[in-house]
Amino acid sequence: MSEINLSPLRARILELSMQAREGHVPSAFSILDIIFVFYNKVSKRTNSDLDLDDLFLLSKGHGCLALYVVLEHFELIEKAALDGFGSFNSDFGGHPDRTKSPHITASTGSLGHGLPIAVGLAMSRLRRGVNGSVCCLIGDGEANEGAVWEAALLASQHNLNNLTCLIDNNQSGERAVHISAKLSKMFTAFDWEVLEIDGHDHCHLETAIFETGTVGGPRAIICNTVKGKGVRSMERAPEWHHRSPNPVEYSEFLKELSN
Amino acid sequence: MRAQFPSTTLDILSHDERLQVLLGDIGVFGFRHVFAKYPKNITNIGILEQATVGVAAGMALAGDIPVVHTIAPFLVERAYEQLKVDFGYQSLGGNFVSVGGSYDYAALGCTHHCPADLSLLLNIPGFELVVPGTAKEFDRLFRSRYASLTPTYFRLSERSNHLDLDVNFGSNTVVKTGTSGHLIIAVGPALERVLKACDGMDVTIVYCTTLNPFDYNTVLSLSPTHVSFVVEAYEGLGFDILGAFSARADVTFDVVGIPRAFIDRYGSFDDIDRYLCLDAMGIRKRLFNVG
């Protein structure tokens, strides 16, 4: 897969956040490439792949602007619907809600919920013979949560070779619990197959996500990313975690993205 | 009542393969026939309640009907957020069957007590609450609701009423009609003690096995002037439910339940009943201000 310039999608994230005065922009920026690669591959499936039904579950719910703009890009949700992001009647808010859109697999936002749900989905699909993977995206900070490791234990116990956990390792949680450097060892200790890649490299992402695992169990793909990727003043800047750009900042960021 | 659960499940599985039972490493022996006959429909998932409820939600998303079973505090309190978000907020169907109730595990102490379970779940919008009083009632109520596509909590108890009633989900049952205007709502297995407590008293007794949705119509149709709510749970539950009457000038109400404090004694559940004045004699004193 050749690299695709996602600056227009980053610009769209900034626009939505500015208008709504809401959104976790740097978190969305760090996972945008991962989500885009997933949906790009799935959207290009031909008839021969029709029996494949890969599911994406965003456990790191506050990064949802990335998911929304990707769904919009692939025309799964309408621009007009997303224009109202964060507003009173909108179907798209600061965390994704499955009761408001069929393209949202689970309502997340409280960290640690998505991977157990993904395990349940994977268990059912394996039993029912549904082809395709369940891909769950968590954050490295989210991996502080005990429920993540309960799910990891279950996933290997039940040999869920149809489950992939993508970890957005943007190291934003390091100021609290130092887990980023341990993730590989931790997942390995739980008998997962572990890959570690550049989370902004589309070729590596596509290969890692869609290649078949070799050990017959679940896979963890540690995606090393930069929080705020794409806008220099946001990159690794904690003050931007839940801050929306004002119109002046928005204009400056657009210029930066267009360069 | 607890023994009925695997039996009911076994029978349902003979015609509905959507059921997926997740045991929190308890009741495994009791479910041995289900394990033997329907191994793909039951899992001893382990002692990880938050993930278990999440897994159940994933199964529900995939079209299964999950049934999660463990001791009440671990199911409800430890995994409360998963119940709230993964099931309540996502409007997913699932069945949550607890044992232990408020203090069935009296000798094990407070970590295994759960007098708050019903109150907590009442605060998750849409969560159905079922408190059967006998094994047959559980069987009837579970069969009627297990596939409801809403989250439903079934509170199993070590104690059962002697009276088996043809209860229906969402309906209260009139057990006795009096003339005094004093109406007593007895919830689930509390009925046995309420009947003894009210021996010789001119009261109306209404039996409740569904706390949410609560059947106010049956209560109001009997035109009570005073309603007492007897439940083996924190009293706040009763005030929450009867709060609907607070705007009415023609009905007063009170609650006989467990005061909001840790139960810091061991012994048997009969010992705790006496300690909390929730045995028949204690209930009689609290209802009628006698003794």
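Both Phe38(A) and Tyr39(A) are buried, a label given to residues under 20% relative accessible area, with exposed meaning over 50% and partly exposed lying in between (1.4 Å probe, protein chains only). This is a predicted model in which local features need pLDDT of at least 70 and side-chain atom pairs count only at pLDDT 80 or more, while totals for chains, interfaces and linings use all residues. Residues are numbered from 1 along each chain as its sequence is written, chains are lettered from A and ligands numbered from 1 in the order in which they are written, and side-chain values use heavy atoms, with hydrogens and water left out.

Aromatic rings come next. Over all chains, a search of the whole structure turns up 24 aromatic pairs; rings of Phe, Tyr and Trp (its six-membered ring) pair if their centres lie within 6.5 Å, and planes under 30 degrees apart count as stacked, over 60 as edge-to-face and the rest as tilted. Phe38(A) and Tyr39(A) form an edge-to-face pair, because their ring centres are 5.2 Å apart and their planes stand at 75 degrees. In chain B, the rings of Phe5(B) and Phe138(B) have planes at 80 degrees and centres 5.7 Å apart, so this pair is edge-to-face too. Phe5(B) sits in helix α1 (residues 4–13) of chain B and Phe138(B) in helix α7 (residues 135–145) of chain B, so the pair ties together parts that are 133 residues apart in sequence. Helices (H or I, at least four residues) and strands (E, at least two) are DSSP runs, numbered from the N terminus. Phe5(B) is buried at a relative accessible area of 1%, and Phe138(B) is buried at 0%. Ring pairs also link these two with Phe31(B), Phe142(B), Tyr146(B) and Phe154(B) into a cluster.

Then there is the meeting of the two chains. Chain A puts 23 residues into the contact and chain B puts in 25, where contact means heavy atoms within 4.5 Å. The area buried between them is about 2,000 Å², with carbon and sulfur atoms giving 60%; buried area is the accessible area (1.4 Å probe) that two parts lose on being put together, summed over both. Two salt bridges are counted between chain A and chain B, each being a side-chain nitrogen of Lys or Arg within 4 Å of a carboxyl oxygen of Asp or Glu. One of them joins the side chains of Arg128(A) and Asp64(B) (2.5 Å, N to O). On the side of chain A that touches chain B, α5 (114–128) and α6 (146–157) are the elements that give two or more residues, and α5(A) supplies the largest share, nine residues.

Asp97(A) lies in the loop between α4 (79–83) and α5 of chain A and is buried, at a relative accessible area of 4%. Its side chain makes polar contacts with the side chains of Thr99(A) (2.6 Å) and Tyr89(B) (3.1 Å). Such a contact is a pair of N or O atoms within 3.5 Å; within protein, one must be able to donate a hydrogen and the other to accept it, and residues adjacent in sequence count only if both atoms are side-chain atoms.

A cis peptide bond, with omega of about 0 degrees, joins Asn212(B) and Pro213(B). Asp191(A) has a positive phi of about 65 degrees although it is not a glycine, and at 58% relative accessibility it counts as exposed.
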